[in-house]
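Hi,

Here is the structure I promised to pass on. Have a look at it first, then read my notes below.

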Amino acid sequence: MQDEILLTPCRESPAEDTDSFASPNEEKWDFVLVSDIHEMGSEKEIKRKKFLDELSKKGFTIKKIEDTKLFYGVRAPPHIFWKYQRLLTNPNSRQQNSSAYQDVPMTTRIRVVHFILQNTVTSDLEKLHDLMKKKVFEAAFPLHKKEEIREILKKKWARWRVLFKEQPIEQIRCYFGEKVALYFAWLGWYTYLLIFAAVAGLATVAAGATVFSSSQVSKEICNANNTIMCPLCDQNCSFWLLSDTCTYAKVTHMIDNEATVVFAMFMAIWATVFLELWKRERANVVTSWDLYGWDEEEEELALQLINNSQHEPRLYQHSYLRSTIVLILALLMIMVLIGIAHALVIYRAMAVAVFTQSDTSLLSQHADIVAVLTGAVLHYLTIVVMTKVNWKVALFLCDLEKPRTSTQHENSFTMKIFLFQFFTHFSSLIYVAFFLGRVNGHPGHYVRIAGHWRLEECHPSGCITDLFIQMAVIMVLKQTISNIMEYLIPLISHQLRKKKKHPQRRSLMLGEEEEAEDPCKRQWLNNYELNEVNVFSLFNEYLEIVIQYSFTTIFVAAFPLAPLLALVNNVIEIHMDAIKMMRLRRRMVPRKAKDIGIWLQVLEAIGILAVIGNGLVIAITSDFIPVQVYKYMYSPCTRENHTNMDCSTGYINNSLSVFHIQDFEPHTKVLPVFKGEQIKECRYRDYRNADDYTYTVQFWHIFAARLAFLILFEHVALCVKLIAAWYIPDVPQRVKNKILTEKHNHLREELRKMSLSPASPWGPFPQERVLCNPLHHGSNLTSRNPPKTAATTPTRLQLRPAVSMDAAPRENAAVISAWKTGGSSLAPKPCDTCWPELSNSLPQVQVEVEQREGGTASPSQGLAPGDWGSGRAGNAVPSHHSPPHNIHTLLCLQSGVSPCQDVGNAASAAR
């Protein structure tokens, strides 16, 4: 069953509805609304009819098709797009004809219609959003159509075969709009520059691999067969040998070496260069799209007026009470997220104690590594769960703020969700990086959770490997599992929707002909079977990549392979998103944009955090500073000249303190016998005295060196970032020059139009005359008084057609607003007609006023405006010409706009 409701005058093949890429008989619809089949007279059916009636009042054409659902095709009237062009197109380039709407791109049509649909209000003060919440309508979406541009995108973008080819950004823009195109342009640029970061990360790991077995620190750990370490738990744990962790030490020093410092500095500079180069790339892109000076607020106001000419703008407001409430609630949410990180710390402490006492040798011998791995997996699960919670909380806080526009709402939501997601992802990493092994106390005086479980300790070779494992697990799990789910869930959902059985066609009676199916029906059903999209579909993609960017930059010193993982992920992500958008999801509503919005500010903040984070990782987490202090202050090289000795020799023994086992806490039960020997003392990682367990002088030396390095590193890195930002202009010179030239040409064109204007908008200027192009080039363009002559009297009028403004300068028209001759004035005033007999045939007429010397009228007499029509001008014809500088030109345009009423009368008199 199908029905068509024509809400605008019916036209045969309307020009505005033709599609050059579609078949001639195909109807073109801007949007499709989907509704369940409700009972006649039901509340939902009445609300649906009211909404459709409101659309009909605005001139929309609506077509109804009934299947398992009710489908309503919506087509906007042409005058809406004509208004849009008139309001928002550059006045100099507007087409002054009623068919300008024919040039409106499909993306603009969809955007305008979507705005009107979302802001149409029924008599019950309900919008489409409210009706969809009440299940009056189920869906509203634009259509994927068989267009040439769509086929190009499917062939050159949305397929795996073109994995390493350049993206067709211009085609993406023409189909999905500027906002989506800018996202893929930014993602492609980020992925391209990740190549350099990935190469640097691989070089860092390769440099560490060269010292995998040759590092002096690793050698000392592997050879420490007599170094007995203190137990890792309090109950029935035995002592252990330092050499048992030889492999762990080698892996640690493969990551933690001098190359890591250089790589951290490189990544700080890379983050700045990436953003600066992206700003230049964005300027090039939006300039080519003619959007550099586009104003989003102006467009929204224009759309509101197109939808409702009586619309009043919502004014800016700020409530300190609301802001305070939002701030308090946001801080409470952040405290909850930090509390979850503390819960993960408690789990790790308990896991180490449980695994150490396990009967399984694998668990007991590698309890700390197993605790780190399981803690990382648990951390990933909390990220998955808390992401959904963060989303709802951020939306609630945004609604509480009541932003004025959709852009403000999106910006506010972006800041909140990123802040919550940042703490969700990085709270546990911050603990591992900066607190693990530094707040746990020492043997005989451990810091305990609930007075029972003691906190973890760092490995004797450092804590950076723990951070490496944590980041590797989270990045690998998040990127692989997230990508698989992102692709499989829409694919499976789409297949399930397609397999839903449609009602079987009824059997035809003998002689009965089959009713032809509407060609729109299959197209609308196919689009309906695709997965739903919403305003957050693109936002989710941005958020995912920005969080990845945080992992790639903030703690990259501890995980140099992060850029490589991000590069591989992004290459897959680009084409996976393309396939989802083109084949598995409904068409997104195109949106205009001239940049990536507030995400750029977020990226700049991450760049600053990257400098601070990497500086802290090297200064605190890494063993780089303690090793350097030992080399230059405590090593054998400082006492005597050892040219053939590695100055880090003896570092491990120097970094371990001595603990007497009789000083254990009373409730600690350890096995005093280890390998048949009675143990009286053990070693632990710290810089403490053996008698009273206070910090040694070396600890304070290392502390001062860490602080000095942190300050130096951050200041140098930030200075380099500032220099890089200054050195690389945000906008290329080519773009600046193009904009400058356009502004100059626009002003010249306005000036030309002013010179052609017959009337000044400021009214007469009795004391001033303005000559845009006087016939005598020696004359001043502006002067307070005319040149004095023996007799200065208008004596003769000559009429001739005006020439083009592009002609020779001597022939160019000039405008004289007014000027005084002696004590009298010739003040132009608007007239209804200016030579009606000539204005019908000539677009403009020049009136050449020749002022002669020796006339019968003296300067004191002058001519009043009324004298021009009285014949007095004809009595004042002299016998010889005046000098050229007294010749001026008056321009009269078509009737109704000329200030030359009196001059027109004078023309008649002259004839």
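Before the notes, one term: helices (H or I, at least four residues) and strands (E, at least two) are DSSP runs, numbered from the N terminus. Please keep in mind that this is a predicted model, where local features need pLDDT of at least 70, side-chain atom pairs count only at pLDDT 80 or more, and totals for chains, interfaces and linings use all residues. Residues are numbered from 1 along each chain as its sequence is written, and side-chain values use heavy atoms, with hydrogens and water left out.

A cavity is a set of points, on a 1 Å grid over the protein atoms alone, where a 1.4 Å probe fits but cannot get out, and its lining residues have an atom within 4 Å of a point. Grid points are joined across faces, edges and corners, and a volume is the space filled by probe spheres set on the points. There are three cavities of 30 Å³ or more here.

The largest cavity holds about 110 Å³ of space. Helix H16 (464-498) and helix H18 (537-553) each supply at least two residues of its lining, and H16 gives the most, with five residues. Among the lining residues are Ile 474, Lys 478, Glu 544 and Phe 551. By type, the lining of the largest cavity has four nonpolar, four polar and two charged residues (Ala, Val, Leu, Ile, Met, Phe, Trp, Tyr, Cys and Pro count as nonpolar, Asp, Glu, Lys and Arg as charged, and the others, Gly among them, as polar).

The second largest cavity has about 50 Å³ of space. Its lining divides into six nonpolar, five polar and no charged residues.

Now for the salt bridges (a side-chain nitrogen of Lys or Arg within 4 Å of a carboxyl oxygen of Asp or Glu). The structure has 29 of them. In one, Asp 124 pairs with Lys 47, with the closest N and O atoms 3.9 Å apart. Asp 124 sits in the loop between helix H3 (106-119) and helix H4 (128-133), while Lys 47 is in helix H1 (residues 43-57), 77 residues apart. Lys 47 is buried, at 9% relative accessible area, and Asp 124 is partly exposed, at 35% (buried means under 20%, exposed over 50%, partly exposed in between, with a 1.4 Å probe and protein chains only). Both belong to a network of salt bridges that also includes Glu 43 and Lys 134.

Happy browsing!

Notes
1 Å grid on protein atoms, 1.4 Å probe; cavity = no way out; pocket = protein on both sides within 12 Å on 5 of 7 lines; lining within 4 Å.
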